[in-house]
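Reader: I am new to this one. Please pick one part, take a close look, and then show me what lies elsewhere.

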Amino acid sequence: MSTHMATAPEQGSASSGDPILEVRELRKRYRADGPLVCDGLGFRVERGEFVAIIGPSGCGKSTLLRMMSGLLAPTSGTVALDGRTISKPPPEMALVFQDYTRSLYPWLTVEKNVRFPLAGDKKMPAAEKSRRVAEALASVGLTGFEGYYPGALSGGMQQRVAIARAMAFQPQILLLDEPFASVDALTKEGLEDTLLDVRDRLRDAGNTMLMVTHDIDEAIYLADRIVILSKPPCVVAEELQVRLPQPRTQVETRSDPEFLRIRAYIHDVMGLTHQRQAVPGQQN
Ligand SMILES: Nc1ncnc2c1ncn2[C@@H]1O[C@H](COP(=O)(O)OP(=O)(O)OP(=O)(O)O)[C@@H](O)[C@H]1O
Ligand SMILES: [Mg+2]
């Protein structure tokens, strides 16, 4: 524990309007005799928001996203999309998985993987689909790899294909589970900014993003609001508003006093602030 607690940033759940997503009293056990993974989790997401979810490793973040996307049934509680309880994956939602090895179809080329979710849209002209695929691949730095199969790409490249697929699809709701965990630091900064660009373009259309990350700085940099989960079995520990100016830039935003204040506070809340012992004989 630090000797002085950082001052609390503005707390805040979504305003009282109709949320696009609402998680109510979510409980999950994978086996009847197994431990509770989530224990009465609840929060709301407004249309057009970018919400980051952070929490300790193993606390149930991926479990939560799978329940929110309709891929996994909760033991009790509900997830509602626009007021309707989700029981199967809704067509207006896309999920980028944490595990890239399970995200792509290995028998389809990069181009076909990214194009796949657009195939069902009979109204969109083929030329528009091609344009979106090319633009999405360019935004993740994979122009030239259209004809490759996923098995011939590195892990970070496969994850970028999965991100490009979500970007080309432009879902109403995009759920991202640690999407940048397997890419290098520089590529990651580029992808964060690409995501913010996409979000700026689609925000007026009400597109909503929810991203799990264990990178606290990334959560602050990207999000309008941060939901902090507790240790397992997880509940919502805190919700914080991130009032940082838009557009955000890697250098300025990350050195903004408000950024640093939120960062110090989250470190305190998550018990990460660690007092380093002075090494005898060394000056600080
Ligand atoms: N398919 C499963 N069957 C049984 N238990 C599971 C399953 N998937 C996850 N769990 C358990 O649920 C708990 C939460 O796992 P989850 O993957 O949701 O955590 P997480 O917060 O996403 O972790 P990380 O930060 O490491 O990605 C863990 O104890 C895990 O063992
Ligand atoms: Mg996870």
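Author: Helix α5 buries K188, L191, E192, T194, L195, L196, V198, R199 and L202. Buried means under 20% relative accessible area, exposed over 50%, and partly exposed in between (1.4 Å probe, protein chains only). An α-helix has 3.6 residues a turn, so residues three or four places apart point the same way. The model is predicted: local features need pLDDT of at least 70, side-chain atom pairs need 80 or more, and totals for chains, interfaces and linings use all residues. Residues are numbered from 1 along each chain, chains are lettered from A and ligands numbered from 1 as written, and side-chain values use heavy atoms, without hydrogens or water.

Helix α5 runs over residues 185-203. Its 19 residues reach 26 Å from first C-alpha to last, close to the 27 Å expected at 1.5 Å a residue.

Now to ligand 1. Helix α1 (residues 61-68) gives the most to its shell, with four residues. The residues around the ligand include Y30, V37, R66 and E178. For K61 the distance is 2.7 Å. For S57 it is 2.8 Å, and for Q98 2.9 Å. Alone, ligand 1 exposes 640 Å², and the protein buries 59% of that.

S62 sits in helix α1, Q98 in the loop between β6 (93-96) and α2 (110-115), 36 residues apart. S62 counts as buried because its relative accessibility is 16%. Q98, at 38%, is partly exposed.

Definitions and conventions
Helices (H or I, at least four residues) and strands (E, at least two) are DSSP runs, numbered from the N terminus. The expected span of a helix is 1.5 Å times one less than its number of residues. A residue is near a molecule or strand if one of its heavy atoms lies within 4 Å of it. A polar contact is a pair of N or O atoms within 3.5 Å; within protein, one must be able to donate a hydrogen and the other to accept it, and residues adjacent in sequence count only if both atoms are side-chain atoms. Accessible areas come from the Shrake-Rupley method with a 1.4 Å probe; for residues, only the protein chains shown count as cover.
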